[in-house]
Amino acid sequence: MKMLFIGGGNMAAALIGGLIARGTSAADILVADPSEAQRESLSARFGVAAVPAADAATIGASGLILLAVKPQQMREAVGALAPAIAGQLVISVAAGIRAVDLARWLGGHRRIVRAMPNTPALIGQGVTGLAAPADLASGDRALAERILGAVGTTVWVDDESKLDAVTAISGSGPAYVFLFIEALEAAAVKLGLNPEQARALAQGTVAGAAQLAAQSSEPPATLRERVTSKGGTTAAALAEFEAAGLRELVTRATRAAERRSVELGDEFGRA
Ligand SMILES: NC(=O)C1=CN([C@@H]2O[C@H](COP(=O)(O)OP(=O)(O)OC[C@H]3O[C@@H](n4cnc5c(N)ncnc54)[C@H](O)[C@@H]3O)[C@@H](O)[C@H]2O)C=CC1
Ligand SMILES: O=C(O)[C@@H]1CCC=N1
């Protein structure tokens, strides 16, 4: 099946890289992106064809269309597709933009799934939230699950509005983890380790702890307690995190992301 990506930026690259690594043929993927730099980068990295804009024949011949432009760019990008769309499944990965608005811009098209993936898709370790209208055919649900499931795990939410929360947790989430790695690395240097040692220790710790949590049947709290000797070093550090309100901070940060997702839908969707 031919897949047409509208937008070939960071998220498209992560999905395309993940799909190709897991057996999708590069010949089955076409990217439309007005940026020459993006087109060249995708072709060089993954061997996919890339064009400045998809023509009517290409749109009509695609079995699946993936919308991967910024929310701000979505209306214009989708408007260009509308005259040529042939009823195929459309998957949008954009934050905030609601299916009802996509449907309207596409001239009443109803085969739409919204997906919220994340960039670890590039290495097959993504997690994607999916939402679809209740009347979407089960074959379309299965197709969306197969495409996003090829680059990691998937979680369906029954109400599209829950995707704002999904975006705040897992869509944006890798950036929170990278920020923590950066902070741990900087702290290591302040404690006198050299930059190479700092990076190896910070990255290795987060990767190992994440794998342990993923592979364990026990909750993260139990795993944390096992590191924390009474009166020991971990307890001293965790007391600082708790005193600084880390848990409340995470709640506040994710609320801000969720709010921004709703705003993006209002700002760039309702027009
Ligand atoms: N980056 C991430 O971690 C995630 C991003 N998303 C969503 O994915 C979408 C894309 O985000 P990024 O890849 O980060 O942005 P990006 O800015 O890297 O990519 C967007 C691409 O769309 C292209 N573009 C602009 N107008 C276009 C048009 N009319 N037709 C075709 N292509 C056009 C741009 O040249 C650019 O290469 C956003 O809606 C975002 O909410 C979703 C999950 C995670
Ligand atoms: O920052 C953003 O708006 C997008 C959505 C989730 C991750 N990146």
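UniProt positions are given here in the numbering used for this structure, and its annotations may be inferred rather than shown by experiment. With that understood, the structure, which is a predicted model, can be approached through an annotated site. In an unreviewed entry, UniProt applies the annotation "binding site" to Ile6, Gly7, Gly8, Gly9, Asn10, Met11, Ala68, Val69, Lys70 and Pro71. These residues span 66 residues in sequence, yet no two of their C-alpha atoms are more than 13.9 Å apart, so they gather at one spot. One of the annotated residues, Gly8, is placed in the loop between strand S1 (3-6) and helix H1.

The surroundings of ligand 1 may be considered next. Its shell consists of 27 residues, of which the closest are Gly7, Gly9, Ala77, Ala94 and Ala95. Two of these, Gly7 and Gly9, also belong to the UniProt "binding site" annotation. Helix H1 (10-21) and helix H4 (71-81) each contribute at least two residues to the shell around ligand 1, and H4 gives the most, with 4 residues. By residue class, the shell around ligand 1 comprises 14 nonpolar, 10 polar and 3 charged residues.

Ligand 2 is surrounded by Ala95, Thr167, Gly171 and Ser172. The shell around ligand 2 holds 1 nonpolar residue and 3 polar residues, with no charged residue.

For residues 4-96, an unreviewed UniProt entry lists "domain: Pyrroline-5-carboxylate reductase catalytic N-terminal". This span is 43% helix and 19% strand, and its end C-alpha atoms lie 21 Å apart. For residues 160-264, UniProt lists "domain: Pyrroline-5-carboxylate reductase dimerisation", likewise from an unreviewed entry. Over residues 160-264 the chain is 82% helix and 0% strand, with the end C-alpha atoms 14 Å apart.

How are the helices arranged against one another? Two packed helices are described by the angle between their axes and the distance between the axes. The axes of H1 and helix H2 (residues 36-46) come within 11 Å and cross at roughly 20 degrees. Angles under 35 degrees count as roughly parallel, and H1 is therefore roughly parallel to H2. The crossing of H1 and H2 is right-handed. On the H1 side the contact involves Ala13, Ile16, Gly17 and Ile20, which meet Leu42, Arg45 and Phe46 of H2. The residues of this contact divide into 5 nonpolar, 1 polar and 1 charged.

H7 passes H12 in a right-handed crossing. In this contact, Asp164, Ala165, Thr167, Ala168 and Ile169 of H7 meet Thr254, Ala257, Glu258, Ser261 and Val262 of H12. The residues involved divide into 5 nonpolar, 3 polar and 2 charged.

Technical notes:
Residues numbered from 1 in each chain as written. Chains lettered and ligands numbered in written order. Predicted model: local features only at pLDDT ≥ 70, side-chain atom pairs only at ≥ 80, totals over all residues. Near = placed C-beta within 6 Å. Nonpolar A, V, L, I, M, F, W, Y, C, P; charged D, E, K, R; others polar. Axes fitted to C-alpha atoms, helices over the stretch in contact; angles between N-to-C directions. Parallel < 35°, antiparallel > 145°, perpendicular 65-115°, else oblique. Left-handed = near helix turned anticlockwise from the far one by under 90°. Contact = placed C-beta atoms within 7 Å.
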